[in-house]
Amino acid sequence: MNTAVNICGLIMKNPVIAASGTFGFGREYGKYIDLNKLGGISVKGLTLKPRQGNAAPRIAETAGGILNSVGLQNPGVYAFIKEELPYLRKYNLAIIANVAANTVEEYAEMAEILNDADIDAIELNVSCPNVKSGCVTFGVSAHGIAEVTRAVKNKFKKPLFVKLTPNVTSIGDMARAAEAGGADGISLINTILGMAIDIYKKRPILANNTGGLSGPAIKPVAVRMVYEVSKSVKIPIIGMGGITTGEDAVEFLLAGASAVMVGTANFIDPAACVKVAQGIETYMSRMSYNDISDIVGGLTLNY
Amino acid sequence: MSFDKLHDCKVIDVIKLSEDVFSIKIDISDFDVPVRPGQFVNVKCGRGLETLLRRPISICDADNEQKTMTLAFQIRGKGTEILALTKIGDILDIIGPLGTEFYQPDSGNIAVVGGGIGIFPLYYLLKELPSCTRKTYLGFRNKDSVFMEEDFTNVSEKINIATDDGSYGYDGFVTAMLKADLEAGNIPDVIYTCGPVQMMSIVVKLANEYGVKCQVSMEERMGCGIGACLVCSCKLKSDNESGWYNGHVCKDGPVIWSDRVFEG
């Protein structure tokens with residue numbers, strides 16, 4: 001059985017990647033699971049300079065999901081390369097740098113820095129809903145996405161994925177903009193902007209008022225958007241949003257994703273990524289698939 | 001390679017401590033590291049998607065030889081509501097022990113100041129320090145919400161209880177009792193505190209005033225509990241420009257020396 005994938009040059013032994021922001025730089029989960037069993041990791045969103053993130057509370061549980069508003073707390077791209085990358089490189093998994101910035105120039109500068117670093121791909125973060133400037137302000141317009149993608153592609157020679165926000169009117173338009181800007185692939189969806197209210201205090205639970213919704217609650221939205229994007233562009237897709245089992249992952253593959261990311265599920269079960277990979281294999285043997293690529297896009301609509 | 005385990009722990013006993021406060025004793029036979037005072041565990045409450053996140057729960061007591069541990073909590077929402085339905089013989093899905101432990105001196109005078117459900121981790125601390133002279137200050141809302149008085153009496157040389165409405169023990173805040181003792185010249189070597197933020201903040205101020213080392217046990221809404229998701233942030237002092245950075249309660253805490261906490 002072949003579970004290995006090659007997505008525009010990003011080669012992984014299986015299609016399961018730990019999603020950015022849920023897995024740190026791998027260290028914490030490395031205590032609980034063998035990171036060699038992951039296809040890859042998209043590291044905590046990086047910025048040029050260190051960021052302290054938003055005030056607490058940064059999390060609120062909702063029905064079947066969680067709202068978070070971390071606000072891109074991270075040690076900065078240089079500290080990542082120096083302190084975190086050597087640890088991750090000891091493992092056999094694809095390392096994807098998730099990159100966020102305030103301006104097009106800053107995105108390009110980070111791309112240049114990371115082009116010389118020992119990483120396998122960039123996931124361009126134009127979709128974090130929890131910071132005030134940059135980032136998602138590019139991701140909600142086709143023009144913004146194309147501009148940032150082009151600037152980064154100019155400076156970065158390895159595979160470039162653009163991570164899309166679902167908080168737009170036409171996800172297909174955004175995907176086409178990324179493709180036009182030179183993206184090698186697209187990852188989606190980032191979190192859905194939401195709010196939860198403490199009815200006794202009559203205030204939002206999150207200190208930042210709003211946050212990004214993730215977890216099983218958003219999976220149907222994510223599957224639909226992956227399908228829509230797969231019909232809009234020719235470049236490969238990494239699908240995510242509420243995946244907790246192998247069966248969930250297969251839905252994304254059938255909808256047109258070549259690989260998947262697992263996020264919120266890691267909080268509940270540190271072995272979630274490993275179990276999702278195993279669950280995909282179980283599906284493959286049950287359905288007599290020999291190669292995982294045969295599942296991709298295998299959906300037939302009812303009419 | 002060896003990995004930290006996720007634990008399936010059998011429930012040995014469940015005790016209702018007050019109207020909405022419970023303790024659950026579990027078998028920790030498969031723990032390969034000792035449980036230390038101040039640490040916590042991250043517990044799955046309910047099945048499947050009923051409640052998504054694990055809940056961080058205080059460790060109230062542990063016996064590393066007999067391999068048992070007692071968790072204690074108040075019903076605060078859906079997760080703890082489900083946890084309160086736990087029966088003897090049930091299996092709890094647990095990650096832990098997690099976080100930092102209290103400083104445990106070999107001898108000397110110590111004082112613990114706990115408020116409400118903040119008293120739990122202090123019990124195991126007191127029990128682990130039999131060669132210290134232990135003074136305990138516990139604050140509760142009213143007489144009906146007083147719990148574990150006998151347990152704390154057994155592990156303290158002196159115990160003081162206060163209620164906000166004066167219906168039991170001292171009439172007023174527990175911090176007033178600590179203040180009176182400090183003013184009278186009874187100065188401990190270390191003060192430990194856990195409970196409402198306002199209470200802990202007064203305890204820390206008093207400790208600073210009298211030059212006493214102080215540890216606080218912090219609380220914040222958590223996600224993963226193991227330091228990866230970064231949601232349980234807390235401001236800690238730093239020598240950078242702003243004077244602080246965002247640490248995380250699950251990893252830098254929950255127990256932390258009070259002089260590391262950035263106020264403001």
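Predicted model: local features only at pLDDT ≥ 70, side-chain atom pairs only at ≥ 80, totals over all residues.
1. Helix α5 (residues 142–155) of chain A packs against α6(A) at an angle of about 25°, and their axes are 8 Å apart. The two helices are therefore roughly parallel to each other, as angles under 35 degrees count as such. The crossing of α5(A) and α6(A) is right-handed. On the α5(A) side, the contact is made by A:A142, A:I145, A:A146 and A:T149, and on the α6(A) side by A:D173, A:M174, A:A177, A:A178 and A:A180. By class, this contact divides into 7 nonpolar residues, 1 polar and 1 charged.

2. Now follow α6(A) to another partner. Helix α6 (residues 171–180) of chain A also packs with α7(A), at an angle of about 50° and with the axes 9 Å apart. That angle makes α6(A) oblique to α7(A). Here, too, you will find a right-handed crossing, that of α6(A) and α7(A). From α6(A) come A:I171, A:G172 and A:A175, which meet A:M225, A:E228 and A:V229 of α7(A). The contact of α6(A) with α7(A) has 4 nonpolar residues, 1 polar and 1 charged.

3. Do look at helix α8 of chain A, residues 246–255, which is mostly covered: 7 of its 10 residues are buried. Those buried residues are A:D248, A:A249, A:V250, A:E251, A:F252, A:L253 and A:A255. Among the elements of chain A that cover them are α7 (219–230) and α10 (272–286), along with the strands β3 (16–18), β15 (237–240) and β16 (259–262). Just past the end of α8(A), A:G256 has a positive phi of about 125°.

4. A:L72 is not a glycine, yet its phi is positive, near 60°. You can find A:L72 in the loop between β6 (65–68) and α2 (77–89) of chain A. A:L72 counts as buried because it has 23 C-beta neighbours inside 10 Å. A:K202, also not a glycine, has a positive phi of about 55°. A:K202 sits in the loop between β12 (197–198) and β13 (203–204) of chain A. With 7 other C-beta atoms within 10 Å, A:K202 is exposed.

5. A:P57 belongs to the loop between β4 (40–42) and β5 (59–62) of chain A. In chain B, the bond from B:G96 to B:P97 is cis, with omega near 0°, and B:P97 lies in strand β6 of chain B.

6. Chain B is divided into domain 1 (6–98) and domain 2 (109–260). The C-alpha centres of these two domains lie 22 Å apart. Each domain of chain B gives 20 residues to the contact between them. On the domain 1 side, β1 (6–18), β3 (40–43), β4 (55–63), β5 (68–74) and β6 (91–98) of chain B each supply at least two residues. The largest share of that side, 6 residues, comes from β4(B). By class, the domain 1 side has 13 nonpolar, 5 polar and 2 charged residues.

7. Finally, how do the chains meet? In all, 25 residues of chain B are in contact with 28 residues of chain A. On the chain B side, β13 (233–237) and β14 (244–248) each supply at least two residues. The side of chain B that touches chain A has 15 nonpolar, 5 polar and 5 charged residues.

Methods:
Residues numbered from 1 in each chain as written. Chains lettered and ligands numbered in written order. Contact = placed C-beta atoms within 7 Å. Helix = DSSP H or I, 4+ residues; strand = E, 2+ residues; numbered from the N terminus. Nonpolar A, V, L, I, M, F, W, Y, C, P; charged D, E, K, R; others polar. Buried ≥ 20, exposed ≤ 12 C-beta atoms within 10 Å, placed from the backbone. Domains from an automatic or database assignment. Axes fitted to C-alpha atoms, helices over the stretch in contact; angles between N-to-C directions. Parallel < 35°, antiparallel > 145°, perpendicular 65-115°, else oblique. Left-handed = near helix turned anticlockwise from the far one by under 90°.
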